[in-house]
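I opened this model to look up how its chains are built and how they meet. My entries follow.

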Protein chains: 2
Amino acid sequence: MEELNILSLLIILFSAWLGGSAAKKLGYPAILGELIIGILLGPALLGIMETSEMINVLAEVGIILLMVYIGMEINFRDLGKASWPGLLAAIGGFIVPFVLGYYSIIYFGGTQMAAIFVAIAVAVTSLATKSRILVDLKLLNTRIAYVLMAGALISDTLALVIFAGIVSYVDAGSIDTLGLVWVAGKAILFFVFTALAGIYLLPLLGKFLMKSNLTSRTLHFTLILIIVLAFSELAEIAGLHSILGAFMAGLFIRDGVFNRQISKDINHIFHDISIGFLAPIFFVSAGFNVTLEVFQTDLLMLIVVTLVAMVGKILGTAIFYLPSGYGWREGIAVGTGMNGRGAVEIIIAGIGLQMGIITNEIFSILVFMAIFTTLTVPLFLTWTTTWLRNRNELVHQESRGGYIILGANPLGLYMAKQLQQKDDDVIIIDANREMVAEAKKQGFNSMYGNILKEETMEDAKAIEKGTFIGLTGNSEINFLAAQLADDAFYIPNKIVLVSPSESGTDVDMLDKINATSLFANKTELKPWAAKISNGNFEEKTQTVEEEITTREWVKQHKDDKNSILPFFIINSEGIKRPFHYNDTIDEGEKVVYLE
Amino acid sequence: MEELNILSLLIILFSAWLGGSAAKKLGYPAILGELIIGILLGPALLGIMETSEMINVLAEVGIILLMVYIGMEINFRDLGKASWPGLLAAIGGFIVPFVLGYYSIIYFGGTQMAAIFVAIAVAVTSLATKSRILVDLKLLNTRIAYVLMAGALISDTLALVIFAGIVSYVDAGSIDTLGLVWVAGKAILFFVFTALAGIYLLPLLGKFLMKSNLTSRTLHFTLILIIVLAFSELAEIAGLHSILGAFMAGLFIRDGVFNRQISKDINHIFHDISIGFLAPIFFVSAGFNVTLEVFQTDLLMLIVVTLVAMVGKILGTAIFYLPSGYGWREGIAVGTGMNGRGAVEIIIAGIGLQMGIITNEIFSILVFMAIFTTLTVPLFLTWTTTWLRNRNELVHQESRGGYIILGANPLGLYMAKQLQQKDDDVIIIDANREMVAEAKKQGFNSMYGNILKEETMEDAKAIEKGTFIGLTGNSEINFLAAQLADDAFYIPNKIVLVSPSESGTDVDMLDKINATSLFANKTELKPWAAKISNGNFEEKTQTVEEEITTREWVKQHKDDKNSILPFFIINSEGIKRPFHYNDTIDEGEKVVYLE
């Protein structure tokens, strides 16, 4: 097999893994390490590796699959919810650097086409940068995180659409009015056709497969690959780039199209092949095309493009964010969070290089710009969010809110009463009709059903809920329901009551489905249910003076193990959350326990 | 992206899927359809497609990944158990066609090297042909199936080792004695080194990852890819072919090396990427290299090679099988079952073509030989097994035998008593110490433990057992245990008692884990347990006169639903199996029910 150079594949994959892991250790996205390793190995520095046909083929398949994955991760529902502030941030953070980037390149004497490519590259926002940093800075569930997520998604979509326009324009060559209409018409036809196919044909295929009882994961994977390739080919026929087809295909492979379990598996496969195998080959090999000479020959342009990217993004976001009414400080924080550049930028730059629209020098500048801007994100975001936090302006908001509580017993109702903040954000499910009726009478939003049936979860709008609490005396039902909530409805938080039994559900099992145990301890339901329904308990509050994990708190109160039940944690804003194993109580937060 | 021809990729994948599905519909392995579609599309017939650099790169990555998967599927334990008859069949089915194939090519004036390549190709046995045909012909759990499986595995391993020797020999070029020792030495060093690395280093890595709590599927996938590439590169350094490295790597990625759940996921990923995406590209493109002219120019050689492959394989197997004492008829049945050629043969032929050892004509002959021999398998195997069946010589044997019964209640004990055939093949687990003690006193093989802990299953040797029966009154524990048995211990049959409750485990859920409901009906444990412990029941037997599914049987006895409990099916050999939902009662089999 002459075409396959195993050694260079091994070196690329191994060093991509090294670089990626190192970057992640330092709190950066893996792509940063992959780009840097590529520059190191490539002609620019060590000169060990260079591009080859094999690398290009694999890298390009990697990009196609990565675009499918990126498309899959975009949820229309989330985009819809993002509405006002997210849209503002996305547009501001896109337009301002776009315009500045465009004129910078024109100023340096670049072609119009090159200027537009650079403009898109500086305007893009990285999707990959987010999650890890948000966790590190404890920003999940803040409004900023929410806006960031939506902003990045909108800006990516925007970038790809504009990019589509340019590619078809470039490919067209001669530019009379009629030609332009033809070019635009083809592009629009492509989007209309793929959207229609995605909305109407794909679900039909899904239904057909479900009806025919064809549930093979591999078959679904093959069929989806065929669809992806068909969309990509359509994009090329329409004069667009194949990655747009892949992206569109990814957008429509989602909830409800195929069996939920299979959708999840397919998502995993695309994730693993692209991010775990082929996409790193692309990012490392992107580094092979970088030249360090730009630091001498084009230093000014490098500095200007990087500054334009940073200042344009941060200020643009902040200015356009003003109408949201959330203040300019939050706008700046959002801007610093959106300042990274990632996969989409490098892909667009790479295509520009391949099409001969941008030079090797500009490509190198764009890669360095991606590296520098991404480097700033954790730093700047730490500063701006500490600033907001100190001013007490860091607003919390759940991206998926509300609770599903399983069990209309006294404990479940008591829990619901505490968690309820507005109408309908807590729903209680039970398979006992009488208990459901009683709960309804007491004014609770309660529903009859078998929680282990997907329909029941569906009816309870599980897909929008943020937390599932399993509170029946049967630990196994609690666990199985949490598993379903995780598997099919992606509910982020699953809290499960585990009974102190020798057999059955064990706390070890909770890890597998990312669930955690309610009350941070094995607990018998009945005695507490009796105490609560008899009113035979006191609610006490303890303010925590020093950050402590919930499990430590339970350990400290070990002696009272059977007489107290830690129920809630109340944060400084007065918001309650259930007391569970995987949590940390911050200084100043209060623990409410029953005695 | 000039390197990526989306359209040809789309055509190949789509037609591979069409061909593969059509073949599978007709009861053949997908590879058959893929080869034929390749010949159709390629220069031989329609001339729409031809090989390209892109196709070759993807096809070769596909082969590497496929070899990893094939390696993963080989279980040393199974090989060990196969012992005598499997080994005999494998060796006979290998050596005889090998020798005949070698001399045929020499006779036709081929080079020695070409003769050896053809010899390996006719000697190989297809792994892929098995399972589907065995199911269709109801051969699973027969001794033949068992021998076939082992035989194919051994013959594949044999083929690859001999192939390794040849490749290093060819690469070496000049052939003095010292050179030959050097070549052989390097090859042996490779096998010793990879075996040692596989046995000692890989589990260390696995332990390290588990200890560091690194449970990311993607990380494991990347690391395993790196190991695969490293092994492949080592193979090349040792003068062998890279696919051997991939195969060796696959062999050692198995039970106990990594977390069980992750091992399973990784196995799925390799399966889906290779069989669902890249390997079909190889098989279709193999068809591109086929020329139909051999039917005119080399018809005699084609006929001879095909005949040698068939007759050599079937007779060779049958003759060498005689010492097993299972009779020559069973030997011939095994031979017809092993007559297919599949992935490994086409891969070896492809490499021979690429290395210039065999001509296009011989390659074409080998592809047609694969097609013809594979076509015979269902036909011949139907004949031979019907023949055996009519003579009452079709012997049943479980590849994984024995039962784990959860629940030491009266029903569980009664079940165990019926199923027990020899010592230790049934184990009863319960989390109630007293019930376990009582069961032990009555002479049952019983064990105390929480079935939902992996350790308990491990202690019960779940990995060797063929059937799990969940027989507690708690349907959810039964279900969760079956899920664990499926997920982590690959127990093929899972039978679960489902209680008639409005909430909790529902029969729909069983499908997901390939489980089935005990007694083919929702059943309350307590009343029957009481009846059995009081001896307040009668055991009745009904002989079935016409093939019927268990669910139909239950429907027919609907009126007695609460008063009878279908317990066992006894086949003509007197072997009992539990009565469950997904089963068919053959003519002449007896249903034992309690009344």
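Domain bounds here come from an automatic or database domain assignment. I looked up the domains of chain A and found domain 1 (6-390) and domain 2 (403-594). Taken over C-alpha atoms, the centres of domain 1 of chain A and domain 2 of chain A are separated by 39 Å.

I noted the conventions: this is a predicted model, in which local features need pLDDT of at least 70 and side-chain atom pairs count only at pLDDT 80 or more, while totals for chains, interfaces and linings use all residues. Residues are numbered from 1 along each chain as its sequence is written, and chains are lettered from A and ligands numbered from 1 in the order in which they are written.

Last, I looked up the contact (C-beta atoms, placed from the backbone, within 7 Å). Chain B gives 54 residues to the contact and chain A gives 54 residues. On the side of chain B that touches chain A, H9(B) gives the most, with eleven residues; helices are DSSP runs (H or I, at least four residues), numbered from the N terminus. I also noted that 98% of the interface residues of chain B are also interface residues in chain A, so the copies meet through the same surface.

How values were computed: Two residues are in contact if their C-beta atoms, placed from the backbone, lie within 7 Å. Helices (H or I, at least four residues) and strands (E, at least two) are DSSP runs, numbered from the N terminus.
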